[in-house]
Amino acid sequence: MYFFLFNLSLTDICFITTTVPKMIVDIQTHSRVISYVDCLTQMSLLIIFGCMDDMLLTVMAYDRFVAICHPLNYPVIMNPHLCILLLLASCFLSFFDSQLHNLIVLQFTLFKGVEISNFCCEPAQILNLDCSNSFAKNIVTYFVSAIFGFFPISVILLSYCKIVSTILRIPSSGGKYKAFSTCGSHVSVVCLFYGTSIGMYLSSAVLHSSRKSVMSSVMYTVVTPMLNPFIYSLRNRDIKNALRRLHRRKI
């Protein structure tokens, strides 16, 4: 679990670094211009680290499933080789998705002097710059939706269905609470990540308000990765005690 937590935290740091420094510079300099190469680079990094978040949360759901439903076999199933293999598979799929988007965007003929109603080069809005309904664009959209939408959500839901059915069979209430507490942080992060991600894509596809689109982008690219370490840290007893001491000093 801590191996995947480490990589999730590292991915969140990279995810925020892709957008926040540029946003701060733009606010300080009152500039709203980004070059063609910088926009493609930012879009690629956003896709890579966003998909990494997606895949790591899916792998962590499977990890919790094995830990709760098959505790005696957990060290054998979730061995270091499998953990590294799952991490490499997540990296490969994320990089592959990024390259697919780049291939589509590089085919756009009119990409100079365009205006994006956002503070970053958000992939969904970049794809919407092309008004043509090309076959390749539709294929990429459906492929990404299946691999990074339907598949992860299905794995997470199936894992937690099995987890809940296993926990309910535990006779003691203390055992049930302990089992549920190990999943609470992950469930919170999953709801936060998928809630803001789905809201982002729905707002870009359905709503035409630039302000609402920017707000959902901020939640998706800045707030969610920032809150993940806090959500997981609250499970640590030492951090809880430190927060209590800090609260008592303020009182």
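Analyst: Happy to. Lys-22 is partly exposed, because its relative accessibility is 27% (buried means under 20% relative accessible area, exposed over 50%, partly exposed in between, with a 1.4 Å probe and protein chains only). The model is a predicted one, in which local features need pLDDT of at least 70 and side-chain atom pairs count only at pLDDT 80 or more, whereas totals for chains, interfaces and linings use all residues. Residues are numbered from 1 along each chain as its sequence is written, and side-chain values use heavy atoms, without hydrogens or water.

The side chain of Lys-22 meets that of Asp-26 in a salt bridge, with 3.3 Å from N to O (the term needs a side-chain nitrogen of Lys or Arg within 4 Å of a carboxyl oxygen of Asp or Glu). Lys-22 and Asp-26 are about one helical turn apart because they stand four residues from each other in helix H1, residues 2-29 (helices are DSSP runs of H or I with at least four residues, strands runs of E with at least two, numbered from the N terminus).

Across the whole structure, the search finds two salt bridges. Arg-64 and Asp-63 also pair through their side chains, at 3.0 Å from N to O. Here both Arg-64 and Asp-63 are buried.

Now for the covalent link. The whole structure holds one disulfide (a pair of cysteine sulfur atoms within 2.5 Å). Cys-39 and Cys-121 form this disulfide, with 2.2 Å between their sulfur atoms. The link is left-handed, with -130° about the S-S bond. It joins distant parts of the chain: Cys-39 belongs to helix H2 (residues 36-69), whereas Cys-121, 82 residues away, sits in the loop between helix H4 (80-105) and helix H5 (123-127). Cys-39 counts as buried because its relative accessibility is 4%, and Cys-121 does so because its value is 2%.

Cys-120 is in no disulfide, and its nearest cysteine sulfur, that of Cys-121, lies 7.0 Å away. Cys-120 has 4% relative accessibility and so is buried as well. Cys-161, by contrast, is exposed because its relative accessible area is 55%.

On to the surroundings. The protein chain has nine helices and zero strands, and 39% of its 251 residues count as buried. Phe-3, Ile-84 and Leu-88 make a nonpolar surface patch of about 280 Å² (patches take residues with over 30% relative accessible area and no salt bridge, joining like charges within 9 Å and nonpolar side chains, namely Val, Leu, Ile, Met, Phe, Trp and Tyr, within 5 Å; areas come from the Shrake-Rupley method with a 1.4 Å probe, and for residues only the protein chains shown count as cover).

A positive patch is built from Arg-237, Lys-240, Arg-244, Arg-245, Arg-248 and Arg-249 (Lys and Arg count as positive, Asp and Glu as negative, with His and the chain ends not counted; a charge is placed at NZ of Lys, CZ of Arg, CG of Asp or CD of Glu). One of these residues, Arg-248, is found in helix H9, residues 237-250. Arg-248 counts as exposed because its relative accessible area is 60%.
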